[in-house]
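Hello,

Here is the structure I promised to pass on. My notes follow below it.

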Amino acid sequence: MNADNLTICLRCGSDACYTTEVNDKITNYSCFGCGFQSNSLMKQGEEFLSEQLESLPELYKDLLFEDENGQGWLPQTINLPEQGMIFANGGNSEDWKWAAVRAVEVKDEEKTKYPIPDKKDEFYKHRMDMTTMEMFEERDFIDALSYIGVLPE
Ligand SMILES: [Zn+2]
């Protein structure tokens, strides 16, 4: 991570917003402080934003935050088959937490339970172990990342 790319998050105010310029029109924002992400196309009324919202759970729509520039922010969803996943989990924007689930290796004797779709005799090497699910407060997103091994503990 390049420190030059860390900016102040317009959602939570932390200085841990990882900013990537994709091109002169598109910049991605991914905040390690609050776990939310945005990009310069996510503006109210833009097709990009409405398309994204269509495929998201109600909770994410509920959590959509609009910053001072009219840019929308949504919770990140992390899905790393070999490490684990993190997603916003809860009933509504007043009552939710980050859920972090660790991936585990599929044992030989159970591999037939995890076939790769459309492939013959190929099986997943890792699976999400829901029994490892831990909940983290919004501001503890970074601890959720550590929990699944993305960041050192
Ligand atoms: Zn933030």
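Aspartate 118 sits in the loop between β9 (95–105) and β10 (126–128). Strands here are DSSP runs of E with at least two residues, helices are runs of H or I with at least four, and both are numbered from the N terminus. The phi of aspartate 118 is near 70°, a positive value in a residue other than glycine. Most residues other than glycine have a negative phi. Aspartate 118 counts as exposed because it has 6 C-beta neighbours inside 10 Å. The cut-offs are these: buried means 20 or more other C-beta atoms within 10 Å of the residue's own, exposed means 12 or fewer, and partly exposed is in between, with C-beta atoms placed from the backbone.

Aspartate 121 belongs to the loop between β9 and β10. Its phi is positive too, about 55°, although aspartate 121 is not a glycine. Aspartate 121 is exposed, with 8 other C-beta atoms within 10 Å.

A word on the source. This is a predicted model, in which local features need pLDDT of at least 70, side-chain atom pairs count only at pLDDT 80 or more, and totals for chains, interfaces and linings use all residues. Residues are numbered from 1 along each chain as its sequence is written.

Now the overall picture. The protein chain has three helices and eleven strands. Along the sequence they run β-β-β-β-α-α-β-β-β-β-β-β-β-α. The C-alpha atoms fill a box of roughly 55 × 35 × 35 Å along the principal axes. Of the 153 residues, 19% are buried. Among contacts between residues at least 6 apart in sequence, 42% join residues at least 24 apart. A contact here means two C-beta atoms, placed from the backbone, within 7 Å.

The chain is divided into domain 1 (1–76) and domain 2 (77–153). Those bounds come from an automatic or database domain assignment. The domain centres, taken over C-alpha atoms, are 22 Å apart. Nine residues from domain 1 and twelve residues from domain 2 take part in the contact. On the domain 1 side, helix α2 (residues 58–63) gives the largest share, four residues. That side divides into six nonpolar, two polar and one charged. Nonpolar covers Ala, Val, Leu, Ile, Met, Phe, Trp, Tyr, Cys and Pro; charged covers Asp, Glu, Lys and Arg; the others, Gly among them, are polar.

Which residues of the largest nonpolar core touch the most other members? They are Cys31, Trp98, Ala100, Phe141 and Ala144, out of 19 residues in that core. Such a core is a set of buried Ala, Val, Leu, Ile, Met, Phe, Trp, Tyr and Cys residues joined through C-beta atoms within 7 Å. β3 (27–31), β6 (72–75), β8 (84–92), β9 and α3 (141–147) each supply at least two residues. α3 gives the most, with four residues. Each of domain 1 and domain 2 contributes at least three residues to this core. Leaving out residues up to four places away in sequence, phenylalanine 141 touches Phe32, Cys34, Gly35, Trp98 and Phe136.

Last, isoleucine 8. It lies in the loop between β1 (6–7) and β2 (17–21). Isoleucine 8 is partly exposed, with 14 other C-beta atoms within 10 Å. Beyond its neighbours within four places in sequence, isoleucine 8 is in contact with Gly13, Asp15 and Cys17. The C-alpha atoms of isoleucine 8 and cysteine 31 are separated by 8.8 Å, and the two are 23 residues apart along the chain.

Best wishes
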